[in-house]
Amino acid sequence: MSEVSRAVQEPWPDLATQREGVGLGIWAFLASEVLFFGALLTTYAVYRGFNPAAFRAAASHTEIFYGTINTVLLLTSSVTMTIALRASEARLRATTINALVLTLALGLGFLACKGLEYHDDVVQGLVPGAGFALHDPPTQLFWMLYWIITGIHAIHLSAGILVVAVVVVLFRRDVIPVQDSTMEGVATYWHFVDAVWILLYALIYLVGRA
Amino acid sequence: MTLAQWTTAASNYAVRVDHLFWLLVVVSGLILLVVMALAVGFMIRYRSGAGAPRGELPEAFKHEVEIGWTAATLFLFLFIFWWAASTELSALSPPANALEIHVIAKQWMWRFQHPTGAREIDTLHVPANTPVRLVMTSEDVIHDLYLPALRLKQDILPDRYTYEWFTATKPGTYWLTCAEYCGTDHSRMAGKFVIMPAQDYARWTAAQPQGDDLAHEGAALFRTLGCSGCHTPGASVHAPDLHGVYGHLVHLADGRTVTADDAYLRDSILLPDKDIVAGFAPIMPSFQGVATEGDLVKLIAYLKSLGTGQAANGPTDQPARQPGARP
Amino acid sequence: MTEITLPFAPVEDTGAASYLDAGHTIASWLTTTDHKRIAILYALSITIFFFIGGAAIALVRLELIEPNGWFLTSDAYNRLFTLHGIIMVWFFLVPSIPATMGNFLLPLMIGARDVAFPRLNLLSWYLYVIGAAFTIYVLVAGGVDTGWTFYPPFSTNYSNGYVVAAATGVFVVGFSSIATGVNFIVTTHMLRAPGMTWFRLPLFAWSMYVVSLVMVLATPVLAMSLLLIVAERLFGLPVFDAAHGGDPILFQHIFWFYSHPAVYIMILPAMGVVSEVFACFSRRQVFGYAFMVYALLAIAVIGFMVWGHHMFVAGQSPLANLVFSFLSFIVAVPSAIKVFNWLATMYRGRISFEAPMLYALGFLGLFTIGGLTGLFLASVPIDVATTDSYFVVAHFHTIMVGGSVSAFMAGIHFWWPKVTGRLYSEFWAQFAAITMFLGFNVTFLPQFVMGWEGMPRRYHVYPDVFQVWHVISSGGAAILAVAYTLPLVYLGLSLVRGARAGDNPWHATGLEWQTSSPPPKENFRRVPRVEAGPYRYDAAGRPRPQGTPL
């Protein structure tokens, strides 16, 4: 059986249509993700509108150093992911797999950096609750949103990392050929997670630092 | 207890609401009748085996018919919207100089405080033919004061004021009850709503065994809680003078200008760093946990009694909105 | 004309007559990727939950015969109505038509072999099961008492129920909806048979597509609202805590931004089913097909703009109230158009009264009543008087039970022969349909009356002036219980004793009727080439099939 026909899944008639379908499916899923993050960011916008001064004060305690490193890591990972996608379309198996592994590493680097930042935040008493370091109550709103928003983003990134790892294994073992429609979906999702981060970077780290 | 204690329309507004209701019943009834008659008519006439004319109608006719009934429906619905909106708009602004009664809702009871100091639990007395404005807050979860005879209800929120106002016209004993699910005894959070002729109400409040009115009690609290330590002319600490503050415009440190209404005063006591007055340092301590809801009602009544600024009764635009609310 | 062969058509005739024969073990069912089997898995699951939710409300209606409480504590009562709401909304109504009939029929109606992502389809069922497991846990552990609406601060700081588990269950089952939605959107866009253009799609297929758009866009907002509730309750984060500047009304906005479109998720598929049934049993094309499609789309779009009508007394500004009221009147217009078009479908038709048609006719009347009472509630002064009363309860039950459940029943009966290959007892089915219609009216018309009189909702004990209406309503509920149980019996019996159905026992149009009953695993031995729109019947009422099998 040829590579192509191995790549085509039921009930798709051919690989090109399947690719298009997977693309459409991922975009439809991302539409739901936009609404998911949108509800959260609406909460952020409303609370920031109610308490502008408190948000500025609270955000001045974020660690822009970590945030910027993370932005660089994620943006680079989008480049490597794009390389993987193009390589898969050109049927360059080794390049695809290597680019995916690089993407994986950058993503893990992000998580590690985030972990260090979380540790610093906890040490500084920036977890809302009894031991909260800042004394104006609405500053807890900013930090509450910080933990929820970055946490959910990290979960999405982790899911992406897991998927990329699984895909790398499947490609390595030749269970699916690299020119399957898989890369289409994986790449689009990864870029979405990156795009969300860019938005978050502005909303969390650049508040009052403009 | 009789049904009339629920269904009597005890204000002019309630009567207008009832008119709207019956208009809708008539319109809906007619529409339903037409739909049912057509459905049943078609079921009989066009049942399988009956010898009625069949066949397609011309396309152009079908098109006209569709546009026709779409337009008719749209206009009918717009008419109903207009009637309903007019009824709503007519009751939008609270009348000036309304009698203010404070309502504190908590699981699972009601506390009402009249401006003269009279206090009641689970029963609310109001004068007839007098504008009344209820200033309401909750001590715990969201409640809702439902006054069926007035066709009114409004959610009551914690840490915020919401308002209901009315001019009741028919003296009698009616019902009030909670209409936002609030836990175990939500269905027992009910009481009496008594509308009395105005003179009877005056006699009733005078006869209530409560001490000073709210403003006097507020003055006492102002001293005992330590507010006067900073907020008196001549105090060593630089704090805003509160004489005439109620209803006045206040310039804040971040450049905004706000009106000092109930919500502003309440926030200034509980969240003093939220809206810092221009020219003052943010050194006021918070009285969260120190001043109870009842205390806040009294303190604000006292501050109001120190003379008002422009508005007699708080914000005059969009009064149904609690101050600070967004659309 | 050339024959269309599919790349995965069986090399030789496997001898398997239908999808039901392709594997008889439980494992073959639990690992299936066949959309038809997944539909049946869903059907079994939602039926179980329908009866659990029904049992909860049976206890509630029994308790309400006595105005001062009878055999339940207030806490138990509050947990029962909460569980009824959660189960009926998210574990029955939302998946009901899409996950069962949509799954089974969408590929058949468009001439496809399966949905776009068969394994995602199976995953969506497992997500339902996991969400359901959380709900069963809540049920067994003691329940939750927040109302299906989970309003803070009660749900976050005051409730003693299993709020986190319940919210998690709903969160998970929401992703089942989203997965189904994504699958249907891609299926409809990409897997239509040759000749099946958008405007030749049956209205049921359109309703599946449109409801999928709503599910994909609205459900994530619900997910976030529940996530925030869990964050506050579990981690003490001051999300909606007014003392720290949080806002409980923000929850209501986020929640209702989903929950209003959710009611359209529950009605749009019903409208799709009813269109199919009216066409078939009037032997006539649906009147005004194009307007019917536009109406579906208009309802879906405008439905996202009216959520504030659930919050007229919550503390919104009067301007917001006016805007939401206006838009709520506007969204009623496309629904009205659909009612007129269904009526007009009957005009000059050849009407017969089999069970599916009886259910569809019941839908017509009850949806009209429910929709008209919606006009009452869209008027702010009436809503201020009647919100949180039995008037609202009666309104939404009329549409969801009188409407959606009637349509669900219509669809179950209409497609039963196709799915199972068996015919059921028409007498008992008609009897059940009429019983359901009568039982519904006896249950809910008194609720409109007492709602207007002032009877609040979610009340365990109540003033005895309302007792007469409660007793009548509970009597009606008993009738409904019988009407809902009957189909279990006669449909179940049909599986063993029913006559074999042919390919097209109703003589309907539509590609699903051009394959065997039950269909083969790959749906069509040879995919028809579609040449015309749906619902073509000749002057004598005989169907002119949509496609010619080659």
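In this predicted model, the C-alpha centres of domain 2 and domain 3 of chain B lie 27 Å apart. Chain B is divided into domain 1 (10-90), domain 2 (99-207) and domain 3 (214-305).

**Domains 2 and 3 of chain B**

- Ten residues from domain 2 of chain B and six residues from domain 3 of chain B make up the contact.
- On the side of domain 2 of chain B that touches domain 3 of chain B, β1 (99-106) and β5 (131-138) of chain B each supply at least two residues.
- That side of domain 2 of chain B has four nonpolar, four polar and two charged residues.

**Helices α6 and α7 of chain A**

- Helix α6 (residues 139-172) of chain A packs with helix α7 (residues 182-205) of chain A at an angle of about 160°, and their axes are 10 Å apart.
- Because angles over 145 degrees count as roughly antiparallel, α6(A) is roughly antiparallel to α7(A).
- The crossing of α6(A) past α7(A) is left-handed.
- Residues of α6(A) in the contact include A:Y146, A:H153, A:G160 and A:V167, and those of α7(A) include A:T182, A:W190, A:W197 and A:I204.
- The contact of α6(A) with α7(A) has 14 nonpolar, five polar and no charged residues.

**Chain A with chain B**

- Between the chains, four residues of chain A are in contact with four residues of chain B.
- On the side of chain A that touches chain B, three residues are nonpolar, none is polar and one is charged.

Definitions and conventions
Residues are numbered from 1 along each chain as its sequence is written. Chains are lettered from A and ligands numbered from 1 in the order in which they are written. This is a predicted model: local features need pLDDT of at least 70, side-chain atom pairs count only at pLDDT 80 or more; totals for chains, interfaces and linings use all residues. Axes are lines fitted to C-alpha atoms, for helices over the stretch in contact, and angles run from 0 to 180 degrees between N-to-C directions. Helices (H or I, at least four residues) and strands (E, at least two) are DSSP runs, numbered from the N terminus. Angles under 35 degrees count as roughly parallel, over 145 as roughly antiparallel, 65 to 115 as roughly perpendicular and the rest as oblique. A crossing is left-handed if the near helix is turned anticlockwise from the far one by less than a right angle, and right-handed if clockwise. Two residues are in contact if their C-beta atoms, placed from the backbone, lie within 7 Å. Ala, Val, Leu, Ile, Met, Phe, Trp, Tyr, Cys and Pro count as nonpolar, Asp, Glu, Lys and Arg as charged, and the others, Gly among them, as polar. Domain bounds come from an automatic or database domain assignment.
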